[in-house]
Amino acid sequence: MGKFTGKLIISDLDGTLIPRGGKISVENREAIRHFVSEGGLFAIATGRTPEAAAGYVEGLPINAPGVFFNGAMLYDWQGQKVLKTLPLTAGDEENRWPAFARECLKRFPEACLEVYTADNCHVVTPEANDDPRLPFEYYRYDHTELETLVDTKKTPWLKFFACDKHEHLEEYVKLAEEMGVAQLANGFYSEDNYYEFVAREVSKGSMLSHVREMLPGIEIIACGDYLNDKEMLEAADISVAPENAHAEIRKAAKLKGPAVEDHLIAWLVEKL
């Protein structure tokens, strides 16, 4: 037993634990190790795949299930196995998602469109459209013809992602409503130029209910900075936002900490 026994810190990565384009600070790493050594549980919640996250969190004492694909996957980090998936395409008997993707390819010639499955990121747009972040990520991705992914019962989609100018994404969202896929999904901006779809009622927050089932009685302290973290902060016992958080997230959080560059997790552990 330690002073942090019974507590779980679950943190978003980009903009919360890690400065955008940066690395986890020594101060945050030391704070997490101290928290875990005193009985605490630590996990991450991200839109990334487990493989992608691994390159950023290598060496951290992650000892609780983590949330990936913005809520579409619960993953046992220590056991390196998938515990649960909630596919975007489940129940889509009319195969509307592939039809929507085809229309996006026609209407948004500058977009980078990505289909995430449990084992890969499939970029279905030309290489010239690639999101500049892709070569610097820690995960496999392939340029894939959309038509090889249209059998969604055989290959369930966990997430559909678009990177484009914000004004183009606004049209993309309208198209999703017109084609009836928005009603099947939870859609949100994860950055100003990123829009993502996961299954309806799926979010980082909804997956916390499954974490609570696995860890009865745990006090959940959730940290996040952007709109895709909103449901997670609402579902937590204690919500934490850094100074650099989106205004809506900053306003809603119970605890308002320093900017990510000033070691939010270290500040939080000291405060606990």
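Student: How many bridges join strand 12 to strand 13?
Tutor: Strands (E, at least two residues) and helices (H or I, at least four) are DSSP runs, numbered from the N terminus. Strand 12 covers residues 219–223, and strand 13 covers residues 238–241. The two run parallel, and the number of bridges joining them is three.

Student: What kind of model is this?
Tutor: Residues are numbered from 1 along each chain as its sequence is written, and side-chain values use heavy atoms, with hydrogens and water left out. Local features need pLDDT of at least 70, side-chain atom pairs count only at pLDDT 80 or more, and totals for chains, interfaces and linings use all residues; the model is predicted.

Student: Which residue in strand 13 is the bridge partner of A222?
Tutor: Contact means heavy atoms within 4.5 Å. Beyond its neighbours within four places in sequence, L233 contacts residues including A222 and S239. In strand 13, the bridge partner of A222 is S239.

Student: Is L233 buried or exposed?
Tutor: L233 lies in helix 6 (residues 230–235). Buried means under 20% relative accessible area, exposed over 50%, and partly exposed in between (1.4 Å probe, protein chains only). L233 has a relative accessible area of 7%, so L233 is buried.

Student: Within what arc do the buried residues of helix 4 fall?
Tutor: The buried residues are L169, Y172, V173, L175 and A176. The arc is that of the directions from the helix axis to the C-beta atoms. Seen down the axis of helix 4, these residues line one face, because they fall within an arc of 160°.

Student: Which elements do the buried residues of helix 3 pack against?
Tutor: In helix 3 (residues 96–107), W97, P98, F100, A101 and C104 are buried. They pack against strand 6 (112–117), strand 9 (159–163), helix 4 (166–178), strand 10 (185–191) and strand 11 (194–199).

Student: At what angle do helix 1 and helix 8 pack?
Tutor: Axes are lines fitted to C-alpha atoms, for helices over the stretch in contact, and angles run from 0 to 180 degrees between N-to-C directions. Among the residues that meet are A31 and F35 in helix 1 and I265 and V269 in helix 8. The axes are 7 Å apart, and the angle is about 35°.

Methods:
The expected span of a helix is 1.5 Å times one less than its number of residues. Two strands pair if DSSP finds at least two bridges between them.
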